[in-house]
Amino acid sequence: MSQVTSGGFTPQQFGERAAASGRRLTDGRRPASRGRTLPRLPAWQLFFAAVRLQEALELTATATLRRIAGQHGLPYADSTTRSELIERIGERLLDAAYLDEQVRGLGDGERGVLLAVRASAGELRRPLIDRAQPGAAETLSERGLLFRVFATAGPLRGEVFTAPDELLDLLPAPPPAEPPPATEPPPPAERRTSDPVFSLFALVSALTRRGGHLEREVRGWSHEPGGWDWNARWTFVRHLAQVSGLLVHGADGDPAASPSLPRLLDRPGELAQRLWRAYLTDRGWSELAHAGLSGDDDLADLVQLRQAVLDAFERLPENTWIRLDAFMEWVEQTRPALVREQLNARGLVELQSVPWEGLESPLLRYCLLGPLYWLGAVAVSADARQFARRPERAKATAVEACTWQQARSDRPDPLHGSTRMLPKQMGILPEPAGMLQESVGVLLAPARARLGSLLQAERYLVLKERGRLSRYELVQSNVAGALSSGGSIGECRQLLTRLTQTELPEAITERLAAWERRFGALVVRPAVLIEARSQGELDDALAGAQLRPFLRGRLGPTVAEVAAADALELAARLHEEGHMPRVDAALRLVSEPRRAYPGLVDEQVLEFLLVSLLAFRQARPEQLAQLEGSLSLLDRLERQFPRARLAELHAAADHLAGELATAAATAPGPRRRAKRARRRRTDARAM
């Protein structure tokens with residue numbers, strides 16, 4: 001038996017350990033031919049190095065064929081053709097008895113390399129062979145037992161040595177690898193799991209909600225058994241959300257939820273699978289870098305490295321608790337080259353000398369206690385010494401209903417310094433500034449609620465506590481702000497009913513109805529005043545027909561109101577007619593887009609937008625439906641105006657739609673337009 005080599009173990013041990021390390025291992029059986037589909041294997045694994053001897057010889061250089069012929073005592077001369085060499089070598093090596101004799105005559109090192117190639121479905125990278133038995137690759141190649149190829153696709157890339165099928169059929173099948181021993185599960189109180197859907201919801205809520213603070217909201221309940229920093233999980237989840245298009249950047253550059261995110265949050269199973277697929281194919285997240293092994297991301301194929309770790313993980317039984325150190329030992333015994341076979345040339349130079357405890361062990365620990373834990377694939381003990389692979393069905397959780405807190409609240413009135421009984425149906429809390437709110441409803445939302453609907457309802461609610469049971473309050477000031485920004489009481493009522501899966505309490509229904517009646521009783525809108533020294537000067541300035549459309553009304557003999565959006569245009573028209581108005585400096589900000597007033601979009605612009613959408617719906621309803629969000633915008637705009645004014649706008653839209661239909665019917669067709677064009681060109685030549 002050979003002594004221990006530079007790789008740290010004997011070639012025989014190399015063959016035994018690599019026997020179970022085949023990425024495409026199929027219970028000891030190899031595929032009969034290249035590209036055959038195997039059961040229970042994903043598509044990414046179907047890259048076989050299986051090759052027939054005749055094919056390998058035809059791909060071999062002529063000089064190498066002459067050396068192989070010399071090793072086997074085959075006669076050849078300078079005039080021997082390539083086809084004759086291939087025929088003679090093939091005839092000799094296809095003799096099963098002769099080939100078996102050649103294999104038996106190999107040393108322990110060379111035979112161990114062939115066993116490793118057999119276990120790896122017929123292929124092995126050059127650095128791994130040299131690490132186990134230096135010089136074995138050249139020796140076996142000179143004998144025609146290994147053939148060198150350069151792979152540009154598949155799990156193993158670069159210089160790869162492959163063995164022909166006829167040789168591999170003579171080698172013993174690799175023994176099946178037993179999983180690591182199971183241990184007693186920890187107590188339920190000591191188990192830690194993570195829900196990626198709820199983590200994504202909490203992240204998006206903190207980033208997009210007004211007043212959100214991620215660290216303050218999640219640090220108290222998000223546990224990291226691996227000992228990572230508190231924001232490690234949220235950096236990972238945010239990265240996946242961005243690469244999968246669930247978290248985008250708004251027009252102002254701030255993070256914003258994609259239009260499809262609320263729908264996906266209401267389908268947790270589908271969203272979890274989307275995050276999992278994004279992780280499997282993402283090339284922007286480096287486990288080597290985040291595990292603290294190397295700051296260079298260009299040391300390995302990140303997707304193949306990740307898949308190699310997942311392949312070892314998926315061989316574990318489900319719902320079985322295993323010690324983390326036992327899993328490390330099992331991987332070291334069954335797949336010693338798990339990480340190194342995925343390294344490229346730069347990675348091998350930098351990390352080849354690093355021992356198992358400094359490379360594979362920390363990488364596996366990070367993958368298990370990091371991404372796999374955050375994505376809900378594993379359950380971990382509180383001390384991070386045990387873990388269990390969670391089944392797929394555990395990730396698709398059932399939806400739970402939110403509940404209203406039915407609690408009696410006896411609180412002092414800070415305004416009067418006395419104590420009085422508040423309504424028993426809802427907990428009513430004082431405002432932060434010390435003023436008693438008109439009404440507050442306390443909503444308790446579990447982690448498995450309809451998170452998409454909850455994300456939409458947060459504009460009407462105030463988050464008081466984030467956790468596995470989040471606590472919201474329905475506050476009048478927050479609802480009023482949502483209504484001013486385009487929301488509606490109907491939408492609020494619908495979202496709350498969907499979350500609780502039942503009718504709203506009577507007290508909440510009454511409060512919402514009261515707020516709906518009161519909203520819009522007072523209107524605050526931007527306006528601009530034009531003032532004159534005398535009534536005659538104002539009459540003279542507004543006498544022109546071009547200036548009358550800008551006037552919204554006379555507020556007095558020397559004062560008139562102008563729409564805020566038309567202020568600068570009115571000033572320009574006055575200058576054109578010889579007047580010299582003095583324009584307030586604040587209005588000049590409108591000409592600078594980065595400093596413009598966002599509130600200068602007044603009711604007139606909303607009326608124009610509503611009339612346009614209504615006419616478009618009548619003239620081209622199928623095209624309007626294709627515009628995302630157009631129907632909901634149209635519904636919100638119709639709720640902004642009183643009934644009388646809305647009827648006038650509908651009449652204007654009907655008139656505009658009729659004109660559009662008439663113009664489309666009388667428009668000349670393509671042939672008629674072409675005929676007119678030819679006539680104009682003829683007239684131009686005649687002139």
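**The whole chain**

Begin with the entire chain selected: among its contacts (heavy atoms within 4.5 Å) with a separation of 6 or more, 63% are between residues 24 or more positions apart. This is a predicted model, in which local features need pLDDT of at least 70 and side-chain atom pairs count only at pLDDT 80 or more, while totals for chains, interfaces and linings use all residues. Residues are numbered from 1 along each chain as its sequence is written, and side-chain values use heavy atoms, with hydrogens and water left out.

Colour by secondary structure to display 31 helices and 18 strands; these are DSSP runs numbered from the N terminus, helices being H or I of at least four residues and strands E of at least two. Of the 687 residues in the chain, 45% are buried. Here, buried means under 20% relative accessible area, exposed over 50%, and partly exposed in between, with a 1.4 Å probe and protein chains only. The chain exposes about 35,600 Å², of which carbon and sulfur atoms supply 51%; accessible areas come from the Shrake-Rupley method with a 1.4 Å probe, and for residues only the protein chains shown count as cover.

Select residues 82-93, which form helix α4. Its buried residues are Leu 85, Ile 86, Ile 89, Gly 90 and Leu 93. They lie on the same side of α4, because they cover an arc of only 120° around the axis; the arc is that of the directions from the helix axis to the C-beta atoms. Ser 83, Glu 87 and Glu 91, on the other side of α4, are exposed.

Within α5 (residues 96-104), select Gln 102. Gln 102 counts as buried because its relative accessibility is 16%. Leaving aside residues up to four places away in sequence, Gln 102 touches His 72 and Arg 143. The side chains of Gln 102 and Arg 143 make a polar contact at 3.3 Å (a pair of N or O atoms within 3.5 Å; within protein, one must be able to donate a hydrogen and the other to accept it, and residues adjacent in sequence count only if both atoms are side-chain atoms).

**The four-stranded sheet**

Next, display the open sheet of 4 strands, ordered β4-β8-β9-β7 with antiparallel pairing. Strands β4 and β7 (321-323) each have a single partner strand, so one side of each is left without a neighbour in the sheet. Two strands pair if DSSP finds at least two bridges between them.

Select strand β8 (residues 378-381): Val 378 and Val 380 on one side, and Ala 379 and Ser 381 on the other, are all buried. Strand β4 (residues 191-192) is joined to β8 by 2 bridges, and Arg 191 stands opposite Ser 381. On to strand β9 (residues 386-389), which pairs with β8 over 3 bridges. Phe 387 in β9 stands opposite Val 380 and also opposite Ile 322. In the hairpin of β8 and β9, with 4 residues between the strands, Ala 384 takes a positive phi near 65°.

**Helix α16**

Finally, select residues 302-314, helix α16. Of its 13 residues, 12 are buried, including Leu 302, Gln 304, Arg 306 and Asp 311. At the N-terminal end, Asp 301 caps α16, with a side-chain oxygen 3.1 Å from the backbone nitrogen of Val 303.

Definitions and conventions
The expected span of a helix is 1.5 Å times one less than its number of residues.
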